[in-house]
Amino acid sequence: MPRQRRTINGRPVVITGAASGIGRGLAQRLSRSGSPVAIADIDQNGLKETARSLPGPALTRVLDVADPGDVLRFAAEVREWLTAPLAAVFNNAGVAVTSSVLGADPNDDEWLRRINFGGVVNGTRAFLPILTEQDEGVIVNTSSVFGLLGMPYQSAYCASKFAVRGFTEALRQELRGTGVSAVTVHPGGIRTNIARNARIRSDPAGRGRSHDQMAAEFEAITMTSPEKAAEIICRGVERGKARILVGPDAYAFDALARLAPVHYFDIIAQAEKRLRSRQAGAPQERARQAAAPDAAVQR
Ligand SMILES: NC(=O)c1ccc[n+]([C@@H]2O[C@H](COP(=O)([O-])OP(=O)(O)OC[C@H]3O[C@@H](n4cnc5c(N)ncnc54)[C@H](O)[C@@H]3O)[C@@H](O)[C@H]2O)c1
């Protein structure tokens, strides 16, 4: 079936998780294109900062995406605020937990599940009635490359992102033949606050790294800025894509999932080993490791 182009630039949009990272990037990118943006986040200060950075009109709401009532109230407010059809809803808010399955704190896993999966379900259910009444618009749900492959110490995160993918793909089929569509976004590593804000009780690899060290390692291997990610996502939505891969690493993960559906981690582990030995060979890296021997990249 040919792709149906969509127009979101200049038209009203909703974005959750807009106080930071990809959500802030989307708000800035779309506001610059002339879109009125309804932005929400649990972080009041970050959200204010995003709002201050926008060149155009914004509706801001502090809320918890895990709370269905909060999200429904926001949808009612957006309905009043709209002066043109709602073009897109970006269910983007998300958090991370790093832990082994054995060492997992059930409260952390539940916290993540309620935000990463519950938040997407709540946002979809709250805003879908507006889009179906208009018979146009797009629901854009953020999964991850960890919604394509399972990774060690990311069981709760992977489970939530596989769930977002399954939920959104099922919705996409339900919406066939209507003017409304559903899109899944699979970012690779994006330089945001996700690792700094993650819940990490201890180093699951048993190497005694601090939370800061693990966050720094994550940031060192990210390939894409949040601004670039926002550009790729907006372009993908406008081109009518059903599934948007963000960053070169996302394309590599996607290929691995198809070519080595069982043995993909053997290949990832090999690539990491090569990357680490190359980094260990670089003079700057040798100096860094001498200062902090635990900070070598290991994921
Ligand atoms: N950064 C990456 O490498 C990466 C990769 C794949 C997928 N993602 C996904 O992209 C999305 C955006 O993450 P990011 O990387 O920009 O991280 P980020 O931490 O910079 O931004 C996430 C935002 O979500 C907000 N948030 C968290 N819990 C919330 C709640 N209960 N209610 C409302 N808002 C809440 C945070 O306050 C924050 O502003 C997430 O769904 C994340 O899982 C990120």
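Predicted model: local features only at pLDDT ≥ 70, side-chain atom pairs only at ≥ 80, totals over all residues.
**Entry 1: domains**

I began with the domain assignment of the protein, which gives domain 1 as residues 13-259 and domain 2 as residues 260-292. I then looked up the separation of the two and found their C-alpha centres 28 Å apart.

**Entry 2: where the domains touch**

I next asked how many residues of each domain are in contact. On the domain 1 side there are six, and they meet five residues of domain 2. I noted that helix α9, residues 248-259, gives the most to this side of domain 1, contributing four residues. By class, the side of domain 1 that touches domain 2 holds four nonpolar residues, one polar residue and one charged residue.

**Entry 3: helices α3 and α5**

I turned to the packing of helix α3 (residues 68-81) with helix α5 (residues 118-134). Their axes lie 9 Å apart and form an angle of about 25°. Angles under 35 degrees count as roughly parallel, and α3 is therefore roughly parallel to α5. I recorded the crossing of α3 past α5 as right-handed.

**Entry 4: residues of the helix contact**

Which residues make the contact between α3 and α5? From α3 I listed Pro68, Val71, Leu72, Phe74, Ala75 and Arg79. From α5 I listed Asn122, Gly123, Ala126, Phe127 and Ile130. Sorted by class, the residues of this contact comprise eight nonpolar, two polar and one charged.

Terms used
Residues numbered from 1 in each chain as written. Domains from an automatic or database assignment. Contact = placed C-beta atoms within 7 Å. Helix = DSSP H or I, 4+ residues; strand = E, 2+ residues; numbered from the N terminus. Nonpolar A, V, L, I, M, F, W, Y, C, P; charged D, E, K, R; others polar. Axes fitted to C-alpha atoms, helices over the stretch in contact; angles between N-to-C directions. Parallel < 35°, antiparallel > 145°, perpendicular 65-115°, else oblique. Left-handed = near helix turned anticlockwise from the far one by under 90°.
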